[in-house]
Amino acid sequence: MAAADLVDTQDKKWQADPQFAPDKESSWSYPKEKDGWMLAHNAIRGEVTDMKLALAKAVERGSLQKWEIVALRAAWEEHCAHISAHHSNEEQEFNPFLATRIRLPEKLEKDHGDLMKQLNLMKGLFDGLSDSAAELHQAWLAYEEMMLPHLLEEEVGPLPLMRAYFRPEEIAPIVQKIVGKGPACEMGSFIYYAGEEASFEFMKQEGIPGFVWYIDFKGKRDQFQRSFAENLQAVVAGTPPQPASSFFGSCCQAQTRNDDVVVPEVHSVLGEKA
């Protein structure tokens, strides 16, 4: 199968239980491009691209300033917490459930292991940042070359298979569970990169009440924007980020302040997996 070719969902090699046929695609009222799985992947792509640009600009300027190191580390903590949660969602929630009806490609979990090894390597580089980001930038490029094809493989394989073997109402409870239990950066990134309009549409299609936006989702989006996006935008511009104007609105996650850079109190989850 070529990297960008959709699987043939009607091929019986994917069928794990003869009682469940791949005949449920028509029950989905929206295209796969609007599926939460796809939107989550788009958020990861956005993070990978934005960090790559920030590192490239830092390398161009030469020696790192102290505030740049703090800003890059703050954004990194958000990203690694997000990726670890995303992989955990797939390995502990989605994949076991899908496997009751679908024979999933074994390569997907191996990819997760390889990606976590690269994340662990980069953790050491982020921890050791001092004068130059050149080595870290190269490691990030290698990470991008691993991550992007992996995301695409899931989008042309497990995603269309899920829609063939399951109805949306069967998947919705798992989606709601994942949305409710993840770290703030996971949903914050999802909303930030999807935009408000697509996020509202996602909430409607998944049966998430509108008030959740005000009591939960908006705060997570705003915190992610401060801790990840604005820190990287500052590194790209070569100008220290502006300090938050108010404490209020940042209550979704505790934070500390270091040289006017918003640093969320996120404990690194790297090292828990190989």
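K220 and D216 lie four residues apart in helix α9, so about one helical turn separates them. In this predicted model, the two form a salt bridge, with their closest N and O atoms 3.2 Å apart. K220 is buried, at 9% relative accessible area. D216 is partly exposed, at 25%.

D222 and K218 repeat the spacing: they are four residues apart in helix α9, about one helical turn. Their side chains meet in a salt bridge at 2.9 Å, N to O. D222 counts as buried at 18% relative accessibility, because the cut-off for buried is under 20%. K218 is partly exposed at 33%. Salt bridges with shared partners join E196, K218, R221 and D222 into one network.

E196 and R221 also pair directly, in a salt bridge of 3.2 Å, N to O. This pair links distant parts of the chain: E196 sits in helix α8 (residues 196–205), R221 in helix α9, 25 residues apart. E196 is partly exposed, with 36% relative accessibility. R221 is buried, with a relative accessible area of 11%.

The structure holds 16 salt bridges, among them these:

| Salt bridge | N to O distance |
|---|---|
| E196 and R221 | 3.2 Å |
| K220 and D216 | 3.2 Å |
| D222 and K218 | 2.9 Å |

**Geometry of α9**

Helix α9 covers residues 211–237, 27 residues in total. At 1.5 Å a residue it should span 39 Å, and its end C-alpha atoms are 36 Å apart, which agrees. The helix has a kink of about 45 degrees, centred on F217. G238 follows α9, with a positive phi near 75 degrees.

**Cysteines**

How many disulfides does the structure hold? It holds zero. C80 and C185 show why: the sulfur of C80 has its closest cysteine sulfur in C185, 8.1 Å away, too far for a bond. A disulfide needs the two sulfur atoms within 2.5 Å. From the side of C185, the closest cysteine sulfur is that of C80, at 8.1 Å. C80 is buried, with a relative accessible area of 0%. C185 is buried too, at 3%.

**Confidence**

The protein averages a pLDDT of 87, and 87% of the residues score at least 70. Over residues 246–260 the pLDDT is below 50; this stretch has 35 contacts in the model beyond near neighbours in sequence. Residues 262–274 also stay under 50, and the model gives them 52 contacts beyond four places in sequence.

Note on methods:
Residues are numbered from 1 along each chain as its sequence is written. This is a predicted model: local features need pLDDT of at least 70, side-chain atom pairs count only at pLDDT 80 or more; totals for chains, interfaces and linings use all residues. Side-chain values use heavy atoms; hydrogens and water are left out. pLDDT is the predictor's confidence in each residue, from 0 to 100. Contact means heavy atoms within 4.5 Å. Helices (H or I, at least four residues) and strands (E, at least two) are DSSP runs, numbered from the N terminus. The expected span of a helix is 1.5 Å times one less than its number of residues. The bend at a residue is the angle between axes fitted to the seven residues ending there and the seven starting there. Buried means under 20% relative accessible area, exposed over 50%, partly exposed in between (1.4 Å probe, protein chains only). A salt bridge is a side-chain nitrogen of Lys or Arg within 4 Å of a carboxyl oxygen of Asp or Glu.
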